[in-house]
Amino acid sequence: MIIAQSYLPQKGHHVRLLSARRAALAATLTAVTLTGGVLAAPAPASAAAQLIANGTFAGTTAPWAALGQTTVTAESGLMRVQVRQNVANPWDAMVASPTTAALNPGRSYTLSFDAYATTSFTAKATVQYTATPSSNQSLATDVPLTATSRRYSFPFTAAQAGATAAEVTFQLGGSGGTPVVRFDNVSLMETQTSRPTGLYVSPLSHPADWAARNSGTAEGQAVMNAIGSKPIFEWFGGWFPDITRAVDTYVGAAQAADKLPMLVAYNIPNRDACAHLSGGGAGDAPGYHAWITDFAKAIGNRHAVVVLEPDAIAAAPCLPEIGEDPEEQFRILLDATQVLRAQAPNAWVYLDAGNATWRAADWTATALVKSGVANTRGFSVNVSNYLSTADSEQFAVAVNGHLPATVGAKKYVIDTSRNGNGPYTDDTPGDNWCNPPGRKLGTPPVRQTSGAEYLFWVKVPGDSDGECGIGGSIPAGQFSPGLAMALINGAS
């Protein structure tokens with residue numbers, strides 16, 4: 001037996017490399033998609049309505065109004081707010097805009113926006129029923145502004161109030177000076193009252209983006225039809241400098257389409273501990289706690305699916321090789337499940353359990369318990385792997401059989417993105433897990449009534465596993481039309 005085979009199928013598949021163009025598209029997704037722009041299909045009647053008019057400030061700031069000691073102007077697609085005098089009270093220098101429809105008392109909403117200031121200070125954001133301080137507020141929260149633009153996202157429940165009109169305010173007094181504050185991409189949307197049944201298809205996924213830019217070619221059309229048009233998970237890690245903006249933009253776009261967003265949280269310290277091809281992650285446990293908290297808060301009370309830290313449990317036994325403690329890995333994951341349960345209560349979280357050939361089912365069940373599976377919807381298997389759905393089902397059932405009665409059997413999901421031909425069985429080192437030849441797309445994403453709760457495409461088909469196999473010199477996480485076409489055709 002070659003020991004490496006017990007873990008190599010999981011190596012280095014996950015780093016997401018954003019091109020400058022894709023980063024720019026991601027930055028504008030909220031503005032384009034949430035306002036019914038060209039990147040998104042027309043929203044269905046059941047989709048969440050945008051309750052802020054002109055949150056992107058295209059040439060004008062109307063209907064936003066300056067109140068007190070402020071002057072408001074449009075500036076290069078931003079709302080520029082000048083505080084004219086140093087005032088003591090936050091509400092003595094503010095801007096406000098009415099909502100386009102009444103809020104429903106007792107229902108959940110999310111207010112999101114981008115902002116930065118010439119001077120760091122704490123502003124306030126409210127959703128309320130009058131333009132002056134009032135106890136009749138649904139949301140009143142501090143906004144710690146700095147000179148760097150960042151995304152803010154605040155879930156709240158509408159107040160039980162008789163008033164039907166509401167407004168959003170940004171209160172900028174009390175800074176000790178006269179700062180200039182700039183706002184963009186202001187969004188106020190109601191959380192879906194019921195969980196969407198359809199899965200979100202992002203126009204910015206790697207295959208969809210590439211196919212759209214190459215739509216005039218046969219390959220572009222094939223990639224869009226077979227992969228880009230399918231619901232695929234979006235991966236989130238330290239490569240996003242503003243995790244709140246990245247998550248909120250993606251989840252908001254799905255919400256606007258009344259679809260279910262699917263996210264992978266992939267930023268644990270000592271990530272990919274066995275092979276390091278996707279190495280990185282947060283620097284330490286406190287850093288990861290802060291990151292996963294921002295990740296979870298950006299989802300807020302909206303519906304979502306989250307696969308939590310692929311490989312982290314199964315790779316834990318490799319940690320002593322780099323001087324780290326596997327038990328600390330489990331404690332970090334336990335904390336993450338608690339954070340997600342508290343901050344993203346409507347997210348269905350699946351804690352990753354590795355694959356059927358990596359760790360034994362009894363060991364995996366014990367590790368899942370230590371890592372907080374009791375706080376989650378369940379667990380995921382076969383992420384980024386090629387093992388058959390039948391073998392993955394068998395493994396998941398075995399894992400459930402070893403979970404203690406205090407936890408009980410959990411739901412599970414299977415990644416079928418590349419398992420259409422099953423695993424590569426040649427003994428050539430590396431080729432069995434890293435861009436192996438002759439693999440094929442598996443069953444498209446679907447919710448099931450028995451066995452796995454979902455068959456998902458967690459791994460993005462066409463993204464390289466690393467500089468190996470038929471991927472040649474393509475880095476891990478980079479999309480390759482050649483790799484995509486190989487999966488479509490089931491060929492080398």
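Colleague: Start with G401: buried or exposed?

Modeller: This is a predicted model, so everything here is read from predicted coordinates. G401 counts as exposed, because its relative accessibility is 60% and the cut-off for exposed is over 50%.

Colleague: Which helix does G401 lie in?

Modeller: G401 lies in helix α8, residues 389-402.

Colleague: At what angle do α6 and α7 pack?

Modeller: Helix α6 (residues 326-343) and helix α7 (residues 361-370) pack at about 55 degrees, and their axes are 8 Å apart. That angle makes α6 oblique to α7. E327, F330 and L334 of α6 make the contact with W363, A367 and K370 of α7.

Colleague: What about α4 and α5, at what angle do they cross?

Modeller: The axes of α4 (residues 243-256) and α5 (residues 285-299) cross at roughly 30 degrees and come within 8 Å. So α4 is roughly parallel to α5, since angles under 35 degrees count that way. The crossing of α4 past α5 is right-handed.

Colleague: Which residues meet there?

Modeller: From α4, I243, T244, V247, D248 and V251. They meet W291, D294, F295, A298 and I299 in α5.

Colleague: Different topic. How many residues are in the largest nonpolar core?

Modeller: The largest nonpolar core has 90 residues, and F236, L263 and F295 have the most contacts inside it. F236 touches I243, A246, V247, Y250, L263, V264, A265, Y266, W291 and F295, with residues up to four places away in sequence not counted. A second, separate core has 38 residues, including F113, A159, V181 and F183.

Colleague: Is S112 buried or exposed?

Modeller: S112 is buried, with a relative accessible area of 2%. Apart from neighbours within four places in sequence, S112 is in contact with R151, Y152, S153, N185, V186, S187 and D248.

Colleague: What does the side chain of H206 make a polar contact with?

Modeller: The side chain of D463, at 3.0 Å. H206 lies in helix α2 (residues 206-213) and counts as buried at 7% relative accessibility.

Colleague: What is the phi of F57?

Modeller: About 55 degrees, which is positive although F57 is not a glycine. F57 also lies in the loop between α1 and β1, and counts as buried at 0% relative accessibility.

Colleague: And what is the phi of D311?

Modeller: Near 80 degrees, again positive in a residue other than glycine. D311 lies in the loop between β13 (304-308) and α6. At 2% relative accessibility, D311 counts as buried.

Colleague: What follows α9?

Modeller: G490, with a positive phi near 65 degrees. Within α9 (residues 481-489), the buried residues are L483, A484, M485, A486 and L487. These buried residues pack against α3 (218-228).

Colleague: Last one, for the overall picture. How many helices and strands are in the chain?

Modeller: Nine helices and 18 strands. Of the 492 residues in the chain, 56% are buried. Among contacts between residues at least 6 apart in sequence, 75% join residues at least 24 apart.

Note on methods
Residues are numbered from 1 along each chain as its sequence is written. This is a predicted model: local features need pLDDT of at least 70, side-chain atom pairs count only at pLDDT 80 or more; totals for chains, interfaces and linings use all residues. Side-chain values use heavy atoms; hydrogens and water are left out. Buried means under 20% relative accessible area, exposed over 50%, partly exposed in between (1.4 Å probe, protein chains only). Contact means heavy atoms within 4.5 Å. A nonpolar core is a set of buried Ala, Val, Leu, Ile, Met, Phe, Trp, Tyr and Cys residues joined through side-chain atoms within 4.5 Å. Axes are lines fitted to C-alpha atoms, for helices over the stretch in contact, and angles run from 0 to 180 degrees between N-to-C directions. Helices (H or I, at least four residues) and strands (E, at least two) are DSSP runs, numbered from the N terminus. Angles under 35 degrees count as roughly parallel, over 145 as roughly antiparallel, 65 to 115 as roughly perpendicular and the rest as oblique. A crossing is left-handed if the near helix is turned anticlockwise from the far one by less than a right angle, and right-handed if clockwise. A polar contact is a pair of N or O atoms within 3.5 Å; within protein, one must be able to donate a hydrogen and the other to accept it, and residues adjacent in sequence count only if both atoms are side-chain atoms.
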